[in-house]
Amino acid sequence: MSRFFATGSDSESEESSSADEITPKAPGTTFKQSLLLSDDEEDTKRVVRSAKDKRFEELTNLIKTIRNAMKIRDMAKCLEEFEQLCRAFLKSKNIVDKEGVPSFYIRLLADLEDYLNQLWEDKEGKKKMNKNNAKALSTLRQKIRKYNRDYETEIAAYKENPQESADEEEEKGQDDSGSSSDSDDEGGDEGVSAKSFLKKKPEAAPEASKFLKSAKGSGDESSSGDDDDDDDEDWSSDTVDTGSESSDEGEGKSASLAMVFLKKAQAPEKSSEKVGKKKKLKKKEKLEEEAEEEGGEEVEGGWEKVKGGVPLVKEKPKMFAKGTEINTAVVVKKLNEILQARGKKSTDRTGQIELLNALANIATENNLGAGVTVKIKFNIIASLYDYNPNMATFMKPEMWKKCLECIDELLDMLFDNSNIFIGENIAEDSENLTISDQPFRVRGCILTLVERMDEEFTKIMQNTDPHSQEYVDNLKDEGRVCGIVDRLLTYLETKGSTEDICRVYLRRIMHTYYKFDYKAHRRSLGIQGETKSQQDQEESEGEDSAVIMDRLCKFIYAKDRTDRIRTCAILCHIYHHALHSRWYQARDLMLMSHLQDNIQHADPPVQILYNRTMVQLGICAFRQGMIKDAHNALLDIQSSGRAKELLGQGLLMRNMQERNAEQEKIEKRRQVPFHMHINLELLECVYLVSAMLLEIPYMAAHEFDARRRMISKQFHHQLRVGERQPLLGPPESMREHVVAASKAMKMGDWRTCHSFIINEKMNSKVWDLFPETQRVREMLVRKIQEESLRTYLFTYSSVYDSISMATLSDMFELEIATVHSIISKMIINEELMASLDQPTQTVVMHRTEPTSLQNMALQLAEKLGSLVENNERVFDLKQGVYGGYFNRDQKGGYQQKQSYQRDQKGGYQSKQGGYQRGGYRNQNQGNY
């Protein structure tokens, strides 16, 4: 019958529903029938759920999506859904505060973290990932680790008993669904229950499962035919879904609208019994499914149960066949088999290390001799270094600990067995590993292994956050590293060559030169330990670091044949001298070495060490009061504006044109670890204060000089920045303090200058960082007083006819002898036009300074001279003659004939024709 002539009868509706067609309403139907909606619409309108159920359903749906993405290793999808899950959980905060964190949420966090850790450790799997998945894996791993810190206790509880947590979650989900919306919510609870993650039973009829909605999974449908009473109860209290879909029984269309929308009253006893039965059914089904899975495994035999797609750990292969006689030749052959896989992509590097360790244990158990064990140990340490194929990455903590232990064990064996000779020049054919009267001969270099260990330690420190506890913990390993270097040094002094000894001495120097020896410093000041135990400890300790550095460096100066090791040793020695305020020894060693002449040809790490040494030398000169030397030493580093980069303490932001990604990686590997850094703020402050003490008196002395040169461009820049400030408040930063002090010194006000340079803020930032803080402050005050006196005399000498030295002594709180000395030097150097009157102790000023009109005339003459030179240069360009003025001599300057020649009488006579410059003046031409 055509669907256009349907009358809405029961039989026709059955046919249309079975054919999955939509039957239009007849025009004669009543208003009640027109209100009958489809199942989905009725469900949407009638189902009333609590906020808790809605939120939890949203969470479980997201969790299900995440688990599906985990199965197919779609990290991008996992990351996207995890972010949505976090947002959804944040919306559910009010419910979570009342009910507690749901166990299914904790279970996902724990499982996801374990899954990500396993993926992260699977290096081969990571290589096969595409770029998006690899990036998403890294991001998601960081997020989940940070996110799980808030739920550490819950996750730990779940991991202790995961099965119990899952059962509690199921029961809780069923109780909530029964109490909140009774049987109406059974369809909605499908997303909440853990059962939704399990496979459906094969006994369920496919047609029924296709057209009927199950409340608690397909298990309820298959068991519904077992008990008629249960069916009656289910049909009586079912939702609109089951009521409308029961048209097969002939009840759906005959029910009135009121009967459809109203629920039948149900006894509380029956509902509780029903909940109990459903719990039993769920547990029974779960046990049956587990039994079926186990049975399937037994039958098929080839299938194994895996967790989350993570590959299973395979059993370790047997090292030797049963009954094999284990001797040196067999072990060496097996060792070569293991080493043949080294460096290949498919090689499991962790497994290779375990095999080598097992082989070493077998060799020890069978007493094959120290030679075989030493050879295996060499290869174990090499395999630990090869674990990270990329040079930029650093060793994992567990690998680092193993490496230190292996090197210690190897050194123990070398010390215990003096009949073992090792070296790179021993060929594998000439090795002697068997126990005999001959000494053992093993190919290998222990020095190379220790040098690589030292480099790995530096990489670990470079890649650790310096402000974390992890950095401090890693730094504690430096004691072990230095101990290994010392033991190697002792070993090589007896059995090593001179070149090897120089190399290991340099390693020892590099761990010593930057450390300040507080105990030696206290002994030099005559300060004893506070307690007797401290005094005994100081006496029992070895030689001072200065003695160690002197002994090691002098050996390298005498024996080393390579310039690089000697250069590094000299720089470290100078650095150590400067650090301990031995200014004259450091300066003399720097000048005698002539390193500044050819340091530009050295490799970048040596240049960085040179820059660090020059900076430390400048700071040492400042502490000793050598202001000019300090400024000269720091000038090159500070004037470049790249002090951070030149000292190897960080990279500045640059365009990709100047430095590509590969160059940036190389420069990052050259960075100095944080515990070796020089304080950049202290460095800049020392430079600016030195520049202030030199520049301010010079500016006052050459106030009207048109060709006044700058001593420090950076200092002038800071002064200009301070002058451009629209509102001058109290100084806050270190630079503002120095600028304010400079302005006060210009006026000769030394007390204000002193208060700006030395105060609580500057003490905490700069001056307290020096070892002898009080002595540095006293030196600074003295310098400020002396330079302020010079500035005052330069500035106000034109105002005075004469001034008493006693008055100046009171003004600047200096001794009269010091004032007399300063003024005498100024008069001798022709900086101050005055004379000293000894009887009256006064300074008499001479009026030889030019007036303002004379100053202007001098400036005009200077400008006219420069204008004439420029005019002649332009004329040269027009004539096309490029000789003479533009010819540079060998010294880099311009050749220019002198216009004045000294005659025999001692005077000067002017040449006719003015300036004579070769190349543009023709003899036939007249003078211009």
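Which residues does His 576 touch, not counting residues up to four places away in sequence? The list is Thr 512, Tyr 513, Lys 515, Ser 545, Ala 546, Met 549 and Arg 582. Contact here means heavy atoms within 4.5 Å. His 576 is found in helix α29, residues 563-579. Helices are DSSP runs of H or I, at least four residues long, and strands are runs of E, at least two, numbered from the N terminus. His 576 has a relative accessibility of 1%, so it counts as buried. The cut-offs: buried is under 20% relative accessible area, exposed is over 50%, and partly exposed is in between, with a 1.4 Å probe and protein chains only.

Some ground rules. This is a predicted model, where local features need pLDDT of at least 70 and side-chain atom pairs count only at pLDDT 80 or more, while totals for chains, interfaces and linings use all residues. Residues are numbered from 1 along each chain as its sequence is written, and side-chain values use heavy atoms, with hydrogens and water left out.

Now the cores. A nonpolar core is a set of buried Ala, Val, Leu, Ile, Met, Phe, Trp, Tyr and Cys residues joined through side-chain atoms within 4.5 Å. In soluble globular proteins, nonpolar side chains tend to be buried together. The largest core in this model has 156 residues. Within that core, Phe 622, Ile 757 and Trp 767 touch the most other members. Helix α36, residues 680-701, gives the largest share of this core, 13 residues. A second, separate core has 36 residues, among them Ala 88, Phe 104, Leu 108 and Leu 109.

Back to Phe 622. Leaving out residues up to four places away in sequence, its contacts include Ile 627, Ala 630, Val 686, Val 689 and Ser 690. Trp 767, Val 776, Met 779 and Leu 780 are also among the contacts of Phe 622.

On to aromatics. The search of the whole structure finds 18 aromatic pairs. Rings of Phe, Tyr and Trp (its six-membered ring) pair if their centres lie within 6.5 Å; planes under 30 degrees apart are stacked, over 60 edge-to-face, the rest tilted. Take Phe 415 and Tyr 491. Their ring centres are 5.9 Å apart and their planes are at 80°, so this pair is edge-to-face. Phe 415 is in helix α21, residues 397-416, and Tyr 491 is in helix α24, residues 478-495. The pair links distant parts of the chain, 76 residues apart. Phe 415 is partly exposed at 35% relative accessibility, whereas Tyr 491 is buried at 5%.

Phe 622 and Trp 767 also pair, and this pair is stacked: 6.0 Å centre to centre, 10° between the planes. Phe 622 lies in helix α32, residues 604-623, and Trp 767 in the loop between α40 (760-765) and α41 (773-796), so the pair ties together parts 145 residues apart in sequence. Phe 622 is buried at 0% relative accessibility. Trp 767 is buried too, with a relative accessible area of 0%. Elsewhere, Phe 82, Phe 89, Tyr 105, Tyr 147 and Tyr 151 form one aromatic cluster.

Charges over rings come next. The criterion is NZ of Lys or CZ of Arg within 6 Å of the ring centre and within 35 degrees of the ring normal. The charged end of Arg 349 sits over the ring of Tyr 387, 5.9 Å from its centre. Lys 495 lies over the face of Phe 421, at 5.3 Å from the ring centre.

How many salt bridges does the structure hold? The count is 37. Each is a side-chain nitrogen of Lys or Arg within 4 Å of a carboxyl oxygen of Asp or Glu. Lys 459 and Glu 456 make one, at 3.4 Å, N to O. Both lie in helix α22, residues 446-462, three residues apart, about one turn of the helix. Lys 459 and Glu 456 are both buried.

Compare Lys 476 and Asp 473, which meet at 3.8 Å, N to O. Lys 476 is exposed, at 58% relative accessible area. Asp 473 is partly exposed, at 36%.

Last, cysteines. A disulfide is a pair of cysteine sulfur atoms within 2.5 Å. The search of the whole structure finds zero. For Cys 568, the nearest cysteine sulfur is that of Cys 572, 6.4 Å away. Cys 568 is buried, with a relative accessible area of 5%.
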